[in-house]
Amino acid sequence: MFKAIYMILAIVVIAAYATASWFGWEFANAGSNSRLGMPFIYNGFHGGK
Amino acid sequence: MTTLKAQCPSCAAPIEFKAGSSIVIICPFCRSAVARTDRGVEDLGKVAEIMDSESPLRVGLKGAWNNVNFELTGRAQLKHELGGYWDEWYATFSNGWVGWLAEAQGRFYLTFFQPLKDVTLPTFDGLQLGQTVPEIPSKTPLMVQEKGTASYVAAEGEIPYKLVPNEKESYADLAGKDNAFATIDYSSQPPWVFSGSQVTLAEIGLGDAKPAQREARHVGSDVVRCPNCGGPLSLTAPDKSERVTCPNCDSLLDVNQGNLTYLKALTPPPSEPVFVAPIGAEGVFPDGAKYKIIGAMQRSVTIEGETYYWYEYLLYNPSQGFRWLVHSDNHWNFVEPVNPADVENSQFYGKGAVVKYKGKAFKIFQNAIARVEYVKGEFYWRVEQGEQVQAVDYVAPPEMLSLEMTSNEMNWSLGTYMPNEQVEKIFGVTALPRPWGIAPNQPFTGSFYYTWGLLPVLAFLAIAIVMLPLRGIPRTTLSQQIQLPAAPSENAPQAAFSQPFQIRANGNVKISASAPVNNSWVDVDVDLINDQSQEVESVNVPIEYYSGVEDGDSWSEGGQDQDATLSSLPAGQYTLKVEGTWQNWQQPMPVTVKVEQNVNRGVNFCCAGILLLIVPILGIFRKWSFEASRWKDSMFSGGSSGGGSDDSDDE
């Protein structure tokens, strides 16, 4: 049971990594201006300041 | 010698020596052992009637070994000095050979007389348990397994040597690898050697008929009366049992061919025994045979002043012989006998000792005196309360190799760990007490998470390597110095625009800004403006750099460069709006901005890698903790950790 859950979660993580790599998404910003870069968390375009 | 017809010198009944090799025949009428001599026949005395054992063999049975036919022409029953009986069958082969087929505890050993010339064998007293006897030719070294004295108590048929009833003989049994077996008979000088091997009934052409009969045989019980209290008690293996306890008066009784004699009352043990499995319970065990619990005992070891107790149940199956079910701290083990010659033992029983069995290394776990505290049911040896043996345990989970030594016998056995659920299934019960602690040979069941569970990590690494070229190489799309004019006041931001540049889809965007600040700061807001849609992505890039000398040591803080990275943006033409406030607002501020795409930052890689490694690392920690718990109960805990290939994946 736990094995199956672990494997499913692992596949989800790998899939997320591959998808992010392909589409150029950033999980997180490592600089001092850190901001989550996942498009569904932060959609970026606000129409100006 | 040839066939001889004569009259029994005791009862005058007609007797016939059919086999040319026969020396003695047992008169079927008066049970006299009659030997043929040069002058006729000689009465050697009477033998007892053959005790009805559950042997599948009988005189007259025909088999074949190495393509040579034989017939079982005689049988003798021997009694061990410490109790217990075994059968020796005499096989007369069609080519004139005579074989000895010994049967003990469900095992069979076929041996032949082996003449030795110019060889001096060790004396009986000089033989040491565990020593090899290279004087006996054999493919594998033969190791002394048992020394003892036995007497012939019963016989039937024709015997190929001069069997004298009740005559005692000293013997030594030796065993070697690949079922090699030999016996040294010290009743004659020089001693006779019989060598051969342990065989199955199938290997000697008796496998077809006999196992079927034996399987059909029910493990029944004979009800007898206790000679002390008159209460009823049952004997499951009356032909093999040497001791039985009375459940009515708690007496220990001697069993002699099914006849009971009162020995003594059992003394209450220091720790009240709790036998979880009842005498008489039956079940099919991992070797596929159905066993019945016929006896149980509480045993103990005392280590550093503390006494530990456990329980052992004697299992019996007529065709398989005896096995043990060991119950300790509510952990269970199924224990089978092991050929001592198959164990590579350095005879060192201290810290770090390792023995090998079937290519597997077992680490020493315990070496202590084991004591019998209490017994219940029937046993195939003369068990006594207080009986002690040197017990050495070696572990290679899920197996435990145990050596029990007395002055004249050494026995190896192999225990296999059984989860509670398996024991419950065997006996058809539920809710057995849950085990506590870690058993010496309990397998760790979580190895999946750091073995096969690492497969996702490997897959992840492979994908990461593949994605590197697929994402493309990093490229700079804009690098420009922008001059922010002097501000009218301290908090009045100044802005400037970059030249237009192209952003491609599916590539992250790194915006770097650098300014020649020194012990000052500039706070830069960068707006990434899509020229077509006028949508804006904003990032803040504060730059500050301070340095100096304090107590002779130079120091610095911050830097003149700063960056921020964004997820991919829609492809198109973009312009940067750079807006800033800075400490020296009275002076213009040159800011160099750079926009790059497809930058390999490694953040995604690290995040995913950490997520994927959490479970394997926890698994390794759990394994370490498990092994530490296992070995803290060992006398040799320094040999801990590792655990070898002991893991299973049952979770």
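I began with B:Lys632, which counts as exposed at 59% relative accessibility. The model I am reading is a predicted one.

**Entry 1: the pair at B:Lys632**

I looked up the partner of B:Lys632 and found a salt bridge with B:Asp633, with 3.5 Å between the closest N and O atoms. For B:Asp633 I noted a relative accessible area of 42%, so this residue is partly exposed. I then recorded a network in which salt bridges with shared partners join B:Arg243, B:Asp254, B:Lys264 and B:Glu384.

**Entry 2: a pair within helix α4**

I turned to B:Glu627, which forms a salt bridge with B:Arg630; their closest N and O atoms lie 2.9 Å apart. Both B:Glu627 and B:Arg630 are buried. I placed the two residues in helix α4 (residues 603-632) of chain B, where they are separated by about one helical turn because they stand three residues apart.

I next examined B:Arg323 and found a salt bridge with B:Glu336, the closest N and O atoms being 3.9 Å apart. This pair links distant parts of the chain, since B:Arg323 belongs to strand β23 (residues 321-328) of chain B and B:Glu336 to strand β24 of chain B, 13 residues apart. Is B:Arg323 buried or exposed? I recorded B:Arg323 as buried, at 10% relative accessibility. B:Glu336, with a relative accessible area of 24%, is partly exposed.

Which elements of chain B each supply at least two residues of the lining? I listed the strands β10 (107-113), β13 (180-185), β14 (192-199) and β24 (331-338), and the helix α1 (209-216).

**Entry 3: confidence**

I checked the pLDDT of chain B, which averages 87, with 94% of the residues scoring at least 70. Over residues 209-219 of chain B the pLDDT is below 50, and this stretch has 20 contacts in the model beyond near neighbours in sequence. For residues 639-645 of chain B the pLDDT stays under 50, with 15 contacts beyond four places in sequence. For the complex I recorded an ipTM of 0.73 and a pTM of 0.69 from the predictor.

Definitions and conventions
Residues numbered from 1 in each chain as written. Chains lettered and ligands numbered in written order. Predicted model: local features only at pLDDT ≥ 70, side-chain atom pairs only at ≥ 80, totals over all residues. Heavy atoms only, no water. pLDDT = per-residue confidence, 0-100. Contact = heavy atoms within 4.5 Å. Helix = DSSP H or I, 4+ residues; strand = E, 2+ residues; numbered from the N terminus. Salt bridge = Lys/Arg side-chain N within 4 Å of Asp/Glu carboxyl O. Buried < 20%, exposed > 50% of the residue type's maximum accessible area, 1.4 Å probe, protein only.
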